[in-house]
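Open the structure in your viewer and keep the selection panel at hand. The tour below gives a few stops, in the order in which to select them.

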Amino acid sequence: MVDHAVVSREEWLRARRVLLAKEREATHLRDAVNAARLALPWVRVDESYSFDTPDGERSLAELFDGRSQLVVYHFMLGPDWTAGCPGCSFLADHFDGALPHLNHHDVTLVAVSRGPLAAIEAYRQRMGWRFPWVSSAGSDFNFDYGVSFPDEQLASGQVDYNYEAMEVGERGGDHEESPGLSAFFKDADGAVYHSYSSYARGFEELIGTLMILDRAPKGRNEDGTMSFVRRHDDYEDVPKATCCAH
């Protein structure tokens, strides 16, 4: 027996209209948040950052690849790692299909990790991805944008993440690296500006799978945030669960 309320079509329509009002309110709030995000002041980036790419060493300005806007996904793959974070990998599975649309709209999307380029390339090949992914090894980029933490911060037991002090381990998962998303603009004179950064669940809407699950009958059906997530080649090939015992 299904353990959920079952009602007539008329009752369902009444409940659905109540929910629709809340959904419209959330949509309008999202529009307002998006407008406020665009209105944020910018910070000029005067630091020199270098990145190891398949095409050689590149500066932050060169990562724009001829466009005026750059979105960086701070992918958790540390210096000694042989594989990327499962949660970051789950999100990155959604990148390739967006690339032609972003590029056409004057936006370059790049993943950046502290791991060496060889490890990045090996993992990207394993996952079958095409999106640009570069290494910031030897650069302070990850530290300056709040997704990697110096040894002294980790030793103190407290790190600055998502615009607040957090206890080491409070975020869960790895403690040296954290996920994030940063956006930059380059003007006609080549000056680069930092416009936005988001952390933790702040960019969750990028994960289309979660947005679909939120509309499925059982939702995300998780024990903790993304507790069900695995790398896409790590899922076991098991029979689909059913609602009935056999």
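For accessibility, buried means under 20% relative accessible area, exposed over 50%, and partly exposed in between, with a 1.4 Å probe and protein chains only. This is a predicted model, in which local features need pLDDT of at least 70 and side-chain atom pairs count only at pLDDT 80 or more, while totals for chains, interfaces and linings use all residues. Residues are numbered from 1 along each chain as its sequence is written, and side-chain values use heavy atoms, with hydrogens and water left out.

Select Asn-221 to begin. Asn-221 is in the segment after α7 (208–213); helices (H or I, at least four residues) and strands (E, at least two) are DSSP runs numbered from the N terminus. Asn-221 counts as exposed because its relative accessibility is 56%. Check its backbone: phi is positive, about 50°, although Asn-221 is not a glycine. Most residues other than glycine have a negative phi.

Next, go to Asp-65, in the loop that joins β3 (56–59) and β4 (69–74). Here too phi is positive, at about 55°, and Asp-65 is not a glycine. With 55% relative accessibility, Asp-65 is classed as exposed.

Finish at Arg-201, in the loop between β10 (192–199) and α7. Is Arg-201 buried or exposed? Its relative accessible area is 52%, so Arg-201 is exposed. Now show its surroundings: leaving aside neighbours within four places in sequence, Arg-201 is in contact (heavy atoms within 4.5 Å) with Arg-220 and Thr-225.
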